[in-house]
Amino acid sequence: MKLLKRGTCFVAYPGPLGVEFIPSKFVGYFANEVQYHVKNQKLRDGRATNIALANVFGAKAVVDAAAETAYQAFLLSLGVTANTKGNYGKPRRYWFTPDLVYDVPANALLLASRTEEDYRSQFEAAVTRSLHDPRGERQARLKKASKIAQKVFVRTTAYLRNPDVVAETLARAKGKCESCLRKAPFSKAADGSPYLEVHHRIPLSQGGEDTVANAIAVCPNCHRKHHYG
């Protein structure tokens, strides 16, 4: 983590966490292991590695605002806050692997998300920031933005919920939202039953029980209100 935090030149590449970064000093060695490098790092010189990488990529590492945003987000996803600058106060510079889809600065933070919850939280924060930006700046970004949404793979945690809890809660509601007391807004296409969603009063992620007593059948609007209102 310390090596990631204090580095200056990085290679950016697509990995399990989205856009990942590795210090140029530690790229490309045979039998590459962290323990080996920690033990022998005084024998390594990033300046020599940078020359080799420049030959591989056909260019020197560059300062890139989007890469910097993604780098900071990557470290945050690992529980580390990035230094303001690289070693000796120099701005960080980056190389990009050819298969790295990497274009829109506004999306860079999202690509480093570790979980679906992280992604949603960061996306909402990005929307809020965009709403507070001058409209001209937002529209200028939209003109440059890719029209095709990028893919990002996130890790999610699923709970094995009891289907009887869902069924009993829906039966108790009798087609009415147990929050606003209005009829379900529409019927399911599959079987024509009233569409309601079962919400846990105390979330399962916070130790709530998967029981009928802790569940409530709600319409989509009220469900969103319970989560975001």
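Trainee: Why is Lys183 called exposed?
Mentor: Its relative accessibility is 68%. Exposed means over 50%, buried under 20%, and partly exposed in between, with a 1.4 Å probe and protein chains only. So Lys183 counts as exposed. This is a predicted model: local features need pLDDT of at least 70, side-chain atom pairs count only at pLDDT 80 or more, and totals for chains, interfaces and linings use all residues. Residues are numbered from 1 along each chain, and side-chain values use heavy atoms, leaving out hydrogens and water.

Trainee: Which residues does Lys183 touch, not counting those up to four places away in sequence?
Mentor: Gly175 and Lys176. Contact means heavy atoms within 4.5 Å.

Trainee: What makes Glu68 and Arg92 a salt bridge?
Mentor: The closest N and O atoms are 2.7 Å apart. The rule asks for a side-chain nitrogen of Lys or Arg within 4 Å of a carboxyl oxygen of Asp or Glu. Therefore the pair qualifies. Glu68 and Arg92 are both buried.

Trainee: How many salt bridges does this rule give?
Mentor: Three. Among them is Arg141 with Asp133, at 3.0 Å between the closest N and O atoms. Glu178 and Arg172 also meet in a salt bridge, at 2.9 Å, N to O.

Trainee: Why is Arg172 called partly exposed?
Mentor: Arg172 has 36% relative accessibility, so it counts as partly exposed. Glu178, at 25%, also counts as partly exposed.

Trainee: How do you know that S4 and S5 pair?
Mentor: Four bridges join S4 to S5, and the strands run antiparallel. Pairing needs at least two bridges found by DSSP. One of the bridge partners is Ala217 in S5, for Val198.

Key: Helix = DSSP H or I, 4+ residues; strand = E, 2+ residues; numbered from the N terminus.
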